[in-house]
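Here's a quick tour for anyone about to work with these coordinates. Have the viewer open as you read.

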Amino acid sequence: MPGDVEDRIPILKLGNALLVTIQVDMHDRLALALEDDLTNRIVQTSAKGVLIDISALEIVDSFIGRTLANIAQIARVLDAETVVVGMRPAVAITLVELGLSLPGVRTALNAERGMALIRTHRGDDELDSEADGDPA
Amino acid sequence: MSPASASRLPSILDAHGDEILAEWVERLRDGVADDRISEVERARQASGFLQRLSDALRGSTVVESDSPAFEPLYDMLVDISRSRAVQGFSPTESALFVFSLKQPLFRFLARAWGNDAEGLGADLWAVTLLIDALGLRMMEAWQKTREEVIVRQQQEIAELSTPVVKLWQGILALPLIGTLDSSRTQVVMENLLESIVQHEADIAIIDITGVPTVDTLVAQHLLKTVAAARLMGADCIISGIRPQIAQTMVHLGVELNVISKANLSDAFALALRRIGRSVVRTKPAAPAAVDSHAG
């Protein structure tokens, strides 16, 4: 393998979802490695949801944007829902100006909401009824 | 060559400065009669101007408007011009301040040169050039001041007209007022996205009641804002599309592929429904209109 072992982004398994937190600046090879790893892990764990937290990313170029869109598409083929969370305002503006509005990717403001989105999408057993507030 | 270069303006200013000033002030009074500037103030400006003019010319026999000795005079002119622009004087009225000096000066020049037509002609030409240069300076300063006012107002409008309002926990409203150009879209977008992060909003309502026209460009800007908000994880609803604007948009073939509502209250109701809230009547006022949720 060309890349270093340590030069990878960790993927955590949380229930039947995968959690990726990008803490370092993404370069192209790292993004491709992430795509590979995620695809493999989705198949291995038969995960139903992928949550990618990019709140630490200050720069997202067109390549990273496209990789995110690719990951979402690949995940959908493998029957998993991808949610990108925590995008910064400046990054959002840049992506829109680049013409990359990531049409197939679901988004949420933070990791908590992203997980809620994945749970509701899966229609899982224990749905938190926080929003409904039904007393009965 | 030699008589032409030796202007008699400096000596005239020294000898007849007071008379020239009196005549000039008289002329200024006749020219523009209004109460935006007091008599005393105008006389003070005129005498200060003449003083600096004669200072600038002292010791030289050649009238050159671009010599460094004129700098204090120019500075003063710029100050006068600025204050006039702010007071609302027209460019003509401002420039007249300088140009009305011509007649008194020419009269005294003619007297000084007597029968020497050639010398008088050359000197008049030099003085005309000087006064014209001063007048142009004044115009430039006037226009610059006005432009500064316009730029400042534009900034103020841009800041004033893009407030982000929190309507409910998780619901923001962005009432847009005025034309959306690309620089304003940028401000609007940044404000909205920052507020989404700050208030952890799920839904943003963009109300365009105050947008006079929606053409393809404005629609594109709106869509960009919506797309950026979506990337942050917030949904957008566009509201306040007036009848004429809806018609124009359809005729132009502009498509807004987002949820749109006719007015803000409809959009707010939808937003509340989205976050799982509903509005119920607390007292059964009219028997016919009991809310379906009541129970």
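## Chain B at a glance

First off, this is a predicted model. Chain B has eleven helices and five strands. Of its 295 residues, 40% are buried.

## Helices α4 and α5

Two packed helices are described by the angle between their axes and the distance between the axes. Here, helix α4 of chain B (residues 71-87) and helix α5 of chain B (residues 91-99) have axes that come within 10 Å and cross at roughly 150°. That angle is over 145°, the cut-off for this class, so α4(B) and α5(B) run roughly antiparallel to each other. Their crossing is right-handed.

Who's touching whom? On the α4(B) side, L77(B), I80(B) and R84(B) make the contact, and on the α5(B) side it's E93(B), S94(B), F97(B) and V98(B). By type, the residues of this contact split into four nonpolar, one polar and two charged.

## A closer look at T225

T225(B) sits in helix α9 of chain B, which covers residues 216-231. Buried or exposed? T225(B) has a relative accessible area of 3%, so it counts as buried.

If you skip the neighbours within four places in sequence, T225(B) is in contact with T185(B), M189(B), L192(B) and I206(B).

Definitions and conventions: Residues numbered from 1 in each chain as written. Chains lettered and ligands numbered in written order. Predicted model: local features only at pLDDT ≥ 70, side-chain atom pairs only at ≥ 80, totals over all residues. Heavy atoms only, no water. Axes fitted to C-alpha atoms, helices over the stretch in contact; angles between N-to-C directions. Helix = DSSP H or I, 4+ residues; strand = E, 2+ residues; numbered from the N terminus. Parallel < 35°, antiparallel > 145°, perpendicular 65-115°, else oblique. Left-handed = near helix turned anticlockwise from the far one by under 90°. Contact = heavy atoms within 4.5 Å. Nonpolar A, V, L, I, M, F, W, Y, C, P; charged D, E, K, R; others polar. Buried < 20%, exposed > 50% of the residue type's maximum accessible area, 1.4 Å probe, protein only.
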